[in-house]
Amino acid sequence: PGEVSNLSWKKVKRVDRTVTVNGGGPMPIMRETMNILDAFAGSEKWPSDGLVFSSGNGKPITRQAFHRSLTAALKGTKYEGFSAKDIRHWLGFRMAKVGKKMEDIARILRLGTANQASMYVKRERPVLIEEIDDEK
């Protein structure tokens, strides 16, 4: 789960619909994702501290728990069968679409070079591209 397992509520900006990961600048979050985070937070006022995704004891979730939860969350949706890697590709594509530099994308996605990031963001599932285009 990488960055997701340590994502704190402080890094998610509700009003701006952005998230900041790995010290990079703010990245836009899809409207649907914000709705899910709103439901996950469970109130009008988001938590001011703590992890967005944590285990029952408040610690970061394990890789296995993350993948089980992701599979369960996507079941019955048009994203059923997608992996965390697919979503990571979408995130890279989304950052490139809004003008993030390939160097920044490489750093955020923990890729070695800007060239790797460029190739990485081109591997995209069509349904995710359609979802991005629907956001306009």
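These notes go through a predicted model point by point.

1. Basis. Local features are reported where pLDDT is at least 70 and side-chain atom pairs at pLDDT 80 or more, while totals for chains, interfaces and linings use all residues. Residues are numbered from 1 along each chain as its sequence is written, and side-chain values use heavy atoms, with hydrogens and water left out.

2. Confidence. The protein chain has an average pLDDT (the predictor's confidence in each residue, from 0 to 100) of 76, and 82% of the residues score at least 70. Helix H4 (residues 102-108) has the highest confidence, at 85, and helix H6 (residues 126-134) the lowest, at a mean of 52. Where pLDDT is low, the predicted coordinates should not be read in detail.

3. Sheet. Helices (H or I, at least four residues) and strands (E, at least two) are DSSP runs, numbered from the N terminus. Three strands make an open sheet in the order S1-S2-S3, with antiparallel pairing; two strands pair if DSSP finds at least two bridges between them. Strand S1 (12-13) and strand S3 (27-28) are the edge strands, each pairing on one side only. Between S1 and strand S2 (residues 18-19) there are 2 bridges, in the antiparallel sense. Val-12 stands opposite Val-19 in S2. Strands of a sheet pair through backbone hydrogen bonds, either parallel or antiparallel.

4. Helix H2, dimensions. H2 (residues 63-74) has 12 residues. From its first C-alpha to its last it reaches 17 Å, close to the expected 16 Å; the expected span is 1.5 Å times one less than the number of residues. After the helix comes Gly-76, with a positive phi near 85°.

5. Ala-65, Phe-66, Leu-70 and Leu-74 are buried in H2 (buried means under 20% relative accessible area, exposed over 50%, partly exposed in between, with a 1.4 Å probe and protein chains only). Seen down the axis of H2, these buried residues fall within an arc of 150°, so they line one face of the helix; the arc is that of the directions from the helix axis to the C-beta atoms. The buried residues pack against helix H3 (84-97). On the face turned away from the buried side are the exposed residues Gln-64, Arg-68, Thr-71 and Ala-72.

6. Ser-8. This residue is in the segment before S1. Ser-8 is buried, with a relative accessible area of 15%. Leaving aside neighbours within four places in sequence, Ser-8 is in contact (heavy atoms within 4.5 Å) with Gly-50, Leu-51 and Val-52.

7. Phe-40. Helix H1 (residues 31-41) contains Phe-40, which counts as partly exposed at 47% relative accessibility. Leaving aside neighbours within four places in sequence, Phe-40 is in contact with Trp-9, Val-52 and Phe-53. Phe-40 and Val-52 are 12 residues apart along the chain, and their C-alpha atoms are separated by 8.4 Å.

8. Salt bridge. A search of the whole structure finds 1 salt bridge, defined as a side-chain nitrogen of Lys or Arg within 4 Å of a carboxyl oxygen of Asp or Glu. The side chains of Asp-104 and Arg-107 meet in a salt bridge, at 3.5 Å from N to O. The two residues are 3 residues apart in helix H4, so Asp-104 and Arg-107 are separated by about one helical turn. Asp-104 is partly exposed at 25% relative accessibility, and Arg-107 is partly exposed at 38%. Side chains of opposite charge can pair when their charged atoms come close.
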